[in-house]
Amino acid sequence: MLTPFGFINSIKSQKKYTNTGISANIFIYLLYTYVYTHFVTKLMKINLILPIIIKKISQNLYISMKSADIRQRFIKYFEKRGHHVVRSAPMVVKNDPTLMFTNAGMNQFKDIFLGNIPKKHKRVVNTQKCLRVSGKHNDLEQVGHDTYHHTMFEMMGNWSFGDYFKKEAIHWAWELLTKEYNIESERLYVTVFEGDKSAGLDPDNEAYDIWKTIVAESRILHGSKKDNFWEMGDTGPCGPCSEIHIDIRDDDSRKEKKGSELVNKEYPGVIEIWNLVFIEFNRKTDGMLLPLPEKHVDTGMGFERLCMVLQGKRSNYDTDLFKPYTDRLSEMTSKPYGKGNETDVAMRVVADHLRAIAFAIADGELPSNTGAGYIIRRILRRASRYGYTFLEMSEPFIYELVPLLVDKMGRHFPELSAQKDLISKVIKQEEQMFLKTLATGINKFENYLDKELEDNLIDGNFAFELFDTYGFPVDLTNLMAKEKGLKVDMEGFNENMRKQKERSRAASVKPSADWIELKPGIEETKFTGYDTLESKAEIIKYRKVNIKQRSLYHIVLDKTPFYAESGGQVGDRGVLQSERGNINIIDTQKENELTIHVAERLPEPVPEKVIASIDKSKRLLTANNHSATHLMHSALRKVIGDHAQQKGSLVDEKRLRFDFAHFEKTTPEQVRQIETIVNEKIRQNISLEEHRDISLDKARKMGAIALFGEKYDELSARVVSFDGKFSSELCGGTHVERTGQIGFFKIVSETAIAAGIRRIEAVTGYEAEKYINKKLETLDRVNNILKHPKDLKKALKQLVEQNESLRKKAESLQKAKTSQIKQELLGKLQKINDIGFIGARLTVDAKTAKDLAFELKQKVDDLFLVLAYQHNNKPGIAVMLSDTIVRSKNFHAGEIVKELAKEINGSGGGQPFFATAGGKNPQGLDNVINKAREIAGR
């Protein structure tokens, strides 16, 4: 007979991926105790089928954990163990030449691993928003077609910087999974590095020995260098790693084949959920591995996969992270999700890409045609294309999902909530633009099919032109070709793609040598540029780099007055003076948190001590424009509203450029108000208020504005203020000591650059003087031309009105002339083999010739028209064929005009019914008419 305790044990033996909830166990235990006590003798027969019932009950009583709770439980677990909680860094990377997007949780800690900056905390925990759509970490084309690839994802991790190592990392990982999340230990497998003799790497016996105190050795698997040795890149910190995999298959499948045989086999039922990386080496450019002075731990667990496991699903898209979007899409499209067809793929693509696009926009990266913005536009267009093709959504629709995304993720990522309207408007406009692009691409595709194709093959160059010039997806070109019984030359297309990638790679920065360290052990460059324009310094290290086939040198100092480009402000130029010669610094850049001084050459031997001196004039002019930018930002918010948040900026010695959120053109009156406010603050000669090394929380309490998408030091922020709270911002740039130094401020342009984003360009001081003087000089010249009228505005108005009147008269005369020419051409109509042929030489421009062609087409059936015209001594040809001629005679105007253009040493082309050509030899125009008559008579 099954006792009450036996009942509970039976339940536990039938659990799924996690242990059944305790409250459910207690309830069943009490129920069974009652039944056992009062009806034990009557239940002997029922007892035989009870284990089967128990299995069903225990599965149904499984209570899944919500994603928000899963995330919070991870953070709290490590916070209790002395880890400092840090916010996710922006997904868009701004100061790393090797990355466009954060693609792993460790990216924001890269400088600590490299030894470029000191660690502020020994233990850290966070969940990082990541994007993998470029380079070797490119999951874009897989997204939607399977159930686990994503573009944007969260990577949860805990880090140790020279503190704990393998023992604690392994024990805590196991405890969190099996105790906190109640995952069955029998479903888990772990891997350790097996070593690699060819690379001179020993097996990770230390990790193996730790694991075997926790799990059976049959569950510890050895992995290759490919799977179990982590490297940041070709050079830099690296070390062995230990992965934790879970078998989520049903019991029958687990009995048929051991999960250990499916680990790292790309099998969707046995997946990696956590990677524990033990960073203990530094790889040099020659491949040599050197031990790091401190050992680090870097772990990463895919949040989406963990949610799938803890919520008892077999697909990430069935979790509460994605299901709300597929449910809403089903409502919007009246198409069910879950049928395993292309509709499912399309909905997964949209659900995934929505998150990537929204987070990128929130971090300040707008869709564009270059760099990171191009990647975001490509992701958005892929989602739109899938919606257009498989969900039959011919109108913008993705933007309608933004409120749902904000509701789901806005609490943990407040940047989404704060910019919900902007995200929606940008996505909507991009969708509208792409739908127009699709229409253009489809039209060009149809026109292309009018020509004769070899082997029913669409040229790969044409497919690439559609993709690269018009943004038309090649997979849609393939789909349309298939519908026509054609194929696309993908080899030619891919060759074009390869060449494009090579051009892109050639433009990237590639260090050609390791850092040569002169002062090992110094981790950070101290910036002295807020207080001085010149500093004594020592060269810590340097290296040679190749940029666009140009050799340059990167130099790092122990302290420097040189400002490295960041926050929109350009880097300083100047000189490093030494006894061995001067080193001209042509730019100063940031590589992560490392300040890099860029030089064209170095003296030999390289000096250790230098005097770092910046270009003072450039710095002061740049400071003028940076402080003016802050004043203008505050004035903008005062004039048009607090929604006018900064979305980008550029500040140099010549001008300032400021991008801000606003959904309509700024009026001339608003521009004048902004200028008035800024110039008023300049005349007040307000002193700079600066607060250095304060906490981020304190800065926010002071009312300082923080920009979304910027990365701030939580413990060492800097606040720059003018006139108290009128202008107060978190900023690391250089500024004037008093606003009077700016001199004068003038806005020179205000334009739209994207949906909901406006751009102001302005000048200050001497550049503003030049701008005003140039405008006054232009005004004087106009005044002189008009003979100094008393009322210049009235005189200009009269001149414009007279010009408009003359233009209308000229148009009227041209229409009359064209009408007369048309009648004369109709009089030249002659029949050739049932064709209405008209051929004539004219002295008209190309537009008039085209207008005549289209008008005559309406007048003459079976028209074969050739106009050989001349304008400004340049010859041209227009050919117009009626639709019936094109069909019945198999004529093609584009092919005919190519043949005729040879007579004028020219070239041309066009559609089957209308085509044009230009040339260099007007003397050949008579031959054009004769040759055309011959062609018509064939």
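**H13 and H18.** I began with how H13 and H18 sit: they are roughly parallel to each other, a label that goes to angles under 35 degrees, with over 145 counted as roughly antiparallel, 65 to 115 as roughly perpendicular and the rest as oblique. Helix H13 (residues 371–390) and helix H18 (residues 474–483) pack at an angle of about 20°, and their axes are 11 Å apart. Axes here are lines fitted to C-alpha atoms, for helices over the stretch in contact, and angles run from 0 to 180 degrees between N-to-C directions. Helices (H or I, at least four residues) and strands (E, at least two) are DSSP runs numbered from the N terminus.

**Ground rules.** I'm working on a predicted model, where local features need pLDDT of at least 70 and side-chain atom pairs count only at pLDDT 80 or more, while totals for chains, interfaces and linings use all residues. Residues are numbered from 1 along each chain as its sequence is written, and side-chain values use heavy atoms, with hydrogens and water left out.

**Who touches whom there.** I listed Arg-385, Tyr-386 and Thr-389 on the H13 side, meeting Asp-475, Leu-476 and Leu-479 of H18; contact means heavy atoms within 4.5 Å. By class I get 3 nonpolar, 1 polar and 2 charged residues. For the classes, Ala, Val, Leu, Ile, Met, Phe, Trp, Tyr, Cys and Pro count as nonpolar, Asp, Glu, Lys and Arg as charged, and the others, Gly among them, as polar.

**H24 and H25.** Next I looked up helix H24 (residues 792–827) against helix H25 (residues 846–859): the angle is about 50° and the axes are 10 Å apart. H24 and H25 are therefore oblique to each other. H24 brings Gln-814, Thr-818, Ile-821, Lys-822, Leu-825 and Leu-826, and H25 brings Thr-848, Leu-852, Glu-855, Leu-856 and Lys-859. I sorted this contact into 5 nonpolar, 3 polar and 3 charged residues.

**Cores.** Which residues touch the most other members of the largest nonpolar core? I find Phe-74, Tyr-181, Trp-211, Trp-274 and Leu-416, out of 98 residues. A nonpolar core is a set of buried Ala, Val, Leu, Ile, Met, Phe, Trp, Tyr and Cys residues joined through side-chain atoms within 4.5 Å. Helix H12 (residues 342–362) gives this core its largest share, 14 residues. A second, separate core has 28 residues, including Val-639, Leu-656, Ile-686 and Ile-760.

**Ile-747.** I then went to Ile-747 in strand E29 (residues 745–754). Ile-747 is buried at a relative accessible area of 7%; buried means under 20%, exposed over 50%, partly exposed in between (1.4 Å probe, protein chains only). Leaving aside residues up to four places away in sequence, Ile-747 touches Val-671, Ile-674, Glu-675, Ile-760, Glu-761 and Ala-762. Ile-674 is 73 residues from Ile-747 in sequence, yet their C-alpha atoms are 8.9 Å apart.

Glu-266 is in the loop between helix H9 (251–256) and strand E10 (270–283), and is exposed at 67% relative accessible area. Lys-787 lies in the loop between helix H23 (765–785) and H24; this residue is exposed too, at 69%. Last, I logged a cis peptide bond from Glu-604 to Pro-605, with omega near -10°. Pro-605 lies in the loop between strand E22 (594–599) and strand E23 (609–614).
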